[in-house]
Amino acid sequence: MLRAAILDDYQNCALTLADWSSVTKDVEVKVFTKPIGDDDAVIKTLQGFAIVNMMRERTPFNRKVIEGLPELKLLITTGARNNSIDLKACAERGITVCGTGGFGNPTTGVAIGLLLELTRRIGFEHARMKAGEAWQVTLGQDVEGMTLGVVGLGKLGTRVAKVAQALGMKVIAWSQNLTAEKAAEAGVENVSKEELFKRADVISIHVILSDRSRGLIGAKEIGLMKKTAFIINTARAPIVDGKALMAALESKAIAGAGLDVFEVEPLPLNSPLRKMDNVVITPHLGYVSEQNYRKQYPDVVEDIRAWLDGKPVRVVTGGY
């Protein structure tokens, strides 16, 4: 019987959010609820598995890992794209790579949640009350009238812009490919990169990580920000120069940051970010919602069944 590994199921919900009966007569499924570790640990742990289901980029499948798993035949990623897969290495070894659909736009809620926590300190005051503190100490900021600077006005950036507008915020946007016409369609002002960082009270990042966007926001851009401004990253950590951001947060050159993504995930327990009072951190919750998982895991089952039947679906061949 073939063996299938379900990786990084942190909530231990993969087997309950989909009906696996269509494949379990042909496949033995093993769920991993904790991160496996580095490349060598992944190679050692996944020996003998013909099928592997990845949860986004939690466990990268680079050339070293792929070449270290000779029995791997089907690699499935949740979502339609995954930059942590070496597709060329998979193609060379005859490994089929498939994706899944998704539901809604759950990252929008996380981005707006970070915005509200930074400005209204809801979670902070919640924790104080649960701890038995007497009453409020926070003087929050109303986002109405503030300017949100959106870096990347794609599907997600546009959704965040719409919510911000409903909260009474003015929205400006910039990206390498953004046109005035596209910005106008969203009711957003198209500005230069420099102007966005100078004017925005809150900056929210919504571009895909690529060679072009890696390090897109560095010391220069952060140095343009107001001392009262916040930056939110629910995209990918390497888009922002981590050292420059840390320096600005430590020196209070900017008011704070809301981060859902990190250079190393899970975030190390000794990370300074865990102790900084001007930083709100969440453990990469952007795509983690019950509705999204209820779409993705059934698609994983469908991918396995279709591949077993010799008719793979949602095959990922490249293009990103």
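Visitor: Start with Lys 252. Buried, exposed or partly exposed?
Guide: Lys 252 counts as partly exposed, because its relative accessibility is 41%, and buried would need under 20%. Keep in mind that this is a predicted model.

Visitor: Where does Lys 252 sit?
Guide: Lys 252 is in the loop between H10 and S11.

Visitor: What is its phi?
Guide: The phi of Lys 252 is near 60°, which is a positive value in a residue other than glycine. Arg 314 is another non-glycine residue with positive phi, near 50°.

Visitor: Where is Arg 314, and how exposed?
Guide: Arg 314 belongs to the segment after H11. At 30% relative accessibility, Arg 314 is classed as partly exposed.

Visitor: What about glycine after H11?
Guide: Gly 310 follows H11, and its phi is positive, near 80°.

Visitor: And H11 itself, how many residues?
Guide: H11 runs over residues 290–308, which is 19 residues. From first C-alpha to last, H11 reaches 27 Å, close to the 27 Å expected at 1.5 Å a residue.

Visitor: Which residues of H11 are buried?
Guide: The buried set in H11 is Asn 292, Tyr 293, Gln 296, Tyr 297, Asp 299, Val 300, Val 301, Asp 303, Ile 304, Arg 305, Ala 306 and Trp 307.

Visitor: What covers them?
Guide: The cover over the buried residues of H11 includes strands S1 (2–6), S2 (27–31), S3 (51–54), S4 (74–77) and S5 (96–98). Helix H4 (106–120) is also included in that cover.

Visitor: Take Val 301. How far is Ser 21 from it in space?
Guide: The C-alpha atoms of Ser 21 and Val 301 are 8.9 Å apart, while the two residues are 280 apart in sequence. Ser 21 lies in the loop between S1 and S2. Ser 21 counts as partly exposed, because its relative accessibility is 48%.

Visitor: Now S5. What can you say about Cys 98, buried or exposed?
Guide: Cys 98, in strand S5, is buried, with a relative accessible area of 0%.

Visitor: What is Cys 98 in contact with, leaving aside neighbours within four places?
Guide: With those neighbours left aside, the contacts of Cys 98 are Leu 74, Leu 75, Ile 76, Thr 77, Asp 303, Pro 312, Val 313, Arg 314, Val 315 and Val 316. Among these, Asp 303 is one of the buried residues of H11, and Arg 314 is in the segment after H11.

Visitor: How far is Gly 79 from Cys 98?
Guide: Cys 98 and Gly 79 are 9.2 Å apart, C-alpha to C-alpha, and 19 residues apart in sequence. Gly 79 is found in the loop between S4 and helix H3 (87–92). Gly 79 is buried as well, with a relative accessible area of 10%.

Visitor: Which residues is Gly 79 in contact with?
Guide: Apart from neighbours within four places in sequence, Gly 79 is in contact with Arg 56, Gly 99, Thr 100, Gly 101 and Gln 296. Gln 296 is another of the buried residues of H11.

Visitor: Change of topic. Which peptide bond is cis?
Guide: The peptide bond from Glu 265 to Pro 266 is cis, with omega near -5°. Pro 266 is placed in the loop between strands S11 (256–259) and S12 (279–281).

Visitor: What lines the second largest pocket?
Guide: The second largest pocket has 17 lining residues, and those nearest its centre are Gly 242, Met 246, Phe 262, Glu 263 and Leu 273. Helix H10 (residues 242–250) gives the most to that lining, with 4 residues.

Visitor: What is the lining by class, and how much space is there?
Guide: The lining has 13 nonpolar, 3 polar and 1 charged residues. The space in the second largest pocket is about 310 Å³.

Visitor: Last, the whole chain. How many helices and strands?
Guide: The protein chain has 11 helices and 12 strands. Its radius of gyration is 21 Å, close to the 20 Å that the globule rule gives for 320 residues, so the chain is as compact as a globular protein of that length.

Visitor: What share is buried?
Guide: Buried residues make up 49% of the 320. Of the contacts between residues at least 6 apart in sequence, 64% join residues at least 24 apart.

Terms used. Residues numbered from 1 in each chain as written. Predicted model: local features only at pLDDT ≥ 70, side-chain atom pairs only at ≥ 80, totals over all residues. Heavy atoms only, no water. 1 Å grid on protein atoms, 1.4 Å probe; cavity = no way out; pocket = protein on both sides within 12 Å on 5 of 7 lines; lining within 4 Å. Points joined across faces, edges and corners; volume = space filled by probe spheres on them. Helix = DSSP H or I, 4+ residues; strand = E, 2+ residues; numbered from the N terminus. Nonpolar A, V, L, I, M, F, W, Y, C, P; charged D, E, K, R; others polar. Expected span 1.5 Å × (residues − 1). Buried < 20%, exposed > 50% of the residue type's maximum accessible area, 1.4 Å probe, protein only. Contact = heavy atoms within 4.5 Å. Rg over C-alpha atoms; globule rule 2.2 N^0.38 Å.
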